[in-house]
Amino acid sequence: MSCSSEDARFAVQQVPNERWRQATAANLAADHLNGYDLWTMAFLEGRSDWEETRDFLLSASRDELTELVEKSRGESLAFLVMMMTGACNADCPICFTDRRRKRGETTVEQRDRLLREAAGLGAGYVYVPGEGEPTIDRGWWQFLETCKDTGLEAIVFTNGLIFSDTATSEKYWGCQPEEAIERLADYPVSFYVKMWSTEPELVGRMMGINADKYRFTDYDGVRVPLGMARLLDRYPRQRLGIEVVVEGRNADEVVDTIVPFAERHDLSRIVEIIQHNGRTLGNPTYDPTPAQVARATPLLSPTSCTVATCKAVVTSRGYLSPRIAILETQLPTGARHIDDGSLWDLLHGTDYLVQRRYEQSCLCESEPVSLAEAGTPTLIGPQSVVPPQLADLIDPMRPTATAAANDFTSTSTVADLLGGRVEHGTVVRVVGRALPVGPGLVQLADGPDTVSASGVEVAAYSWVGVEGTWDGLLGALRATDTTVIKESMRQPISRVVSEFAMVRQPEMLRSVIDRSALTALLRNRLTERGFLEVSTPMLTVNGDMGHVSQAQTELVLGRRFHLRTDPEEYLKRYLTAGLPAVFEVSTNVRADKPGDWHLVEFQSVEYYRRLMTLDESIEVADELVREGLRGFGPPITSWSGVILHPDRPFNRMRYAEAFQSVLGVDLSAEECATAKGLAATLRTAGCEIEVPEELVGWRRAWLEAAFDGHVLPKIRQPLWITHFPAELAVQARLDQADPRYALRAELYLPGGLELANVYENLVDGAELRAQYNTRRSHRVAAGMSHVATNEALMTSAEASMPPMSGGAIGIDRVLMVALGHASAGGGLLFGREGFAELKSEHSVCGSDGGCGSCGGGCR
């Protein structure tokens, strides 16, 4: 259903297309910089006229984005929506609020700051739709003063009672209505006055008020409230309008009387169909008839819903909301208040606000609940209320008739045909996606398998059911009939939709199957060894105490959590509870920048057994890794040009031996016992190392820098590095035979790729707490966030945590090596989605291999 071709709203509300694009582009850049790229890209996807913006956001560096954001933030807001009070002197049944003043409503000072910030962000006007009745708010005149001072135009919705009833005017404004109108003329304020009917009795019922207070009078042959007549005579016409809600009770006079009256007197207008927000919810008796809707449709007003990309909405209590017609109880728990920070920071640092900014939907674009529930096809409200100046930006979807899911029954699969399970000449019915080959010829794809099919004429990449004869000699299906199950509406090409790479090249799905098989293998082998699979929380109270960055949540039931970086501490507490051996296949999150070998969200398998030694734990991890490498990929497994030989156990070398072999430095020497001495020894050995100034006094910093930068790159065979220095113990127990070293081991491949780690764990409560304190001090010195001690773990260790050993294996990296991929993420369609950057137009999916679709196979 279309809207009126004429936009009769106030001129300032008719945001020009150029201004909308300017403000939207500013917000896209800010949101993209803040990591909301899934939403910015979803908004830009399919909009060809925004392609330049999309490419810039994908390819720009953080410095370039930061520069653009700072330059354009002053033009990012088109307007501000501000509710003033919940109090109201009417009681309209269709209203979504309860007409009561709310506890904690915004103060004059808060509004003043908000208006000034909005003006500084480029807002042209402030829109006051009325959660209650704005004109009876105690801060009304100060609100207008601030609007005047900041250059904001105020667009205010009012029931108009204050202009008709002297008692109301004197109570709230301390003057007669006529005096108030003259005073208002000095301020930049425009009014939409409710004009729902010319029948006083009906007005009283529709607004839940004593209509006698309006004191209706004749004006140009139409009965209007006295206040409306006063405004028509005394207030500038260009700043006066009417607002009307079309119900079944007033629909005819809206068309025949009210709108013509507004047109004769050059009044702006908002005309909208009843929305079931309040006590009318689900009550169809308020609805206009289809015939009344047809007459009113050409008069319906466009809304500002489609400029949600550059507006801000604030409730009467100061909470930021993504939409106007929404109750505060519908806002997410922990909704942001204007006192929580600057308007700019809140708009671009609040997940639900950013996400909803790019969702072009609103209550006023929906069918009333009563009709939707009844399944009635008649639309009673505008299905799309796009302002005329923005209409050319919308690419309407065209409906497509497709077969129902049960209209086609298959007798065979593509895998059956390829696997020799169907005899030559058999008539079969097969489902698949039609990959284009030539006229009438497609590859029918199902999962990673494809087979040729002739005689199929459908849109490329559609899902089809094909009936035909199987030619076993040629390995092709000769179609006699085709059923379109789902027609493809577009080419599967996108920089932000990861699965499209698989749509075009189904064989890439094999890595997904391989990942599933590897995970099943690890589960089965650990179960065979007597380990019990358990689950641990994703939301953790304490962050990881290592040198990794934690991802923190917004408020969840009143508190913030960390997303787990690994399940280690919970798994060890299972052993305190009494289980002898446990493991978990877990998804973990580390807020470190992704690289070829690292995902932000990654999978691992981690296991622990009581009374197990370090050597026994290494044997478990070694066997699991080697079996995983043997089970997938080519017969000869290699990495970094080196054949790995996973048929035999990997070699082991102590940390100090590796140091001595590569750098010629003896860590047991007296001069290497301190940070200063070790640093001097490394320099003498020709080892160029840079350690941050705040860490030069930490021996562990010099050890890590030398090991990571000089030892690991020299590894030319799969190697277990064992017995790390005590400073690098993490949560490992010190070796009783030589307390300078800890019972910790890591498995590295040539070039320094870590596949697994193993610890004989520290379980003494006092020692564990001391280790935590030391690690925290180093962490803070390195400029990372402070992390509180995990008191639950400490209590568990102090009680009866048994001696144990365990390890962790990186599933993503094992599969990466087994499949011969260059980067982690194989078999994860969405492993890097949201973190990919534009790199080359020649890549399979248009990204850096970052979406995970290619499993690192992007060219």
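1. **Ground rules.** The model is predicted: local features need pLDDT of at least 70, side-chain atom pairs count only at pLDDT 80 or more, and totals for chains, interfaces and linings use all residues. Residues are numbered from 1 along each chain as its sequence is written, and side-chain values use heavy atoms, with hydrogens and water left out.

2. **Confidence.** pLDDT is the predictor's confidence in each residue, from 0 to 100. The protein chain has a mean of 86, and 88% of its residues reach 70 or more. Confidence is highest in strand S16 (residues 532-533), at 98. Helix H16 (residues 369-374) has the lowest, at a mean of 36. Helices (H or I, at least four residues) and strands (E, at least two) are DSSP runs, numbered from the N terminus.

3. **Stretches to read with care.** Residues 1-5 stay under 50 in pLDDT, and the model gives them 17 contacts beyond four places in sequence. Residues 838-859 are also below 50. That stretch has 66 contacts beyond near neighbours in sequence. Contact means heavy atoms within 4.5 Å.

4. **Strand S4.** Of the six residues in S4 (residues 189-194), five are buried. Buried means under 20% relative accessible area, exposed over 50%, partly exposed in between (1.4 Å probe, protein chains only). S4 runs parallel to S3 (residues 153-158), joined by five bridges. It also pairs in the parallel sense with S7 (residues 240-246), over four bridges. Two strands pair if DSSP finds at least two bridges between them. Phe 191 is the bridge partner of Val 156, and its partner in S7 is Leu 240.

5. **The largest core.** A nonpolar core is a set of buried Ala, Val, Leu, Ile, Met, Phe, Trp, Tyr and Cys residues joined through side-chain atoms within 4.5 Å. The largest has 115 residues; Trp 140, Phe 143, Leu 184 and Phe 191 touch the most other members. Helix H12 (residues 251-264) gives the most to this core, with seven residues. Leaving out residues up to four places away in sequence, Phe 143 touches Met 82, Met 84, Leu 115, Val 126, Val 128, Ala 154 and Val 156.

6. **Strand S25.** All nine residues of S25 (residues 741-749) are buried. Six bridges join S25 to S24 (residues 719-725), running antiparallel. Here Phe 724 stands opposite Ala 742. S25 and S26 (residues 753-760) form a hairpin with three residues between them. In its turn, Gly 751 has a positive phi of about 90°. Leu 749 has Leu 753 as its bridge partner in S26.
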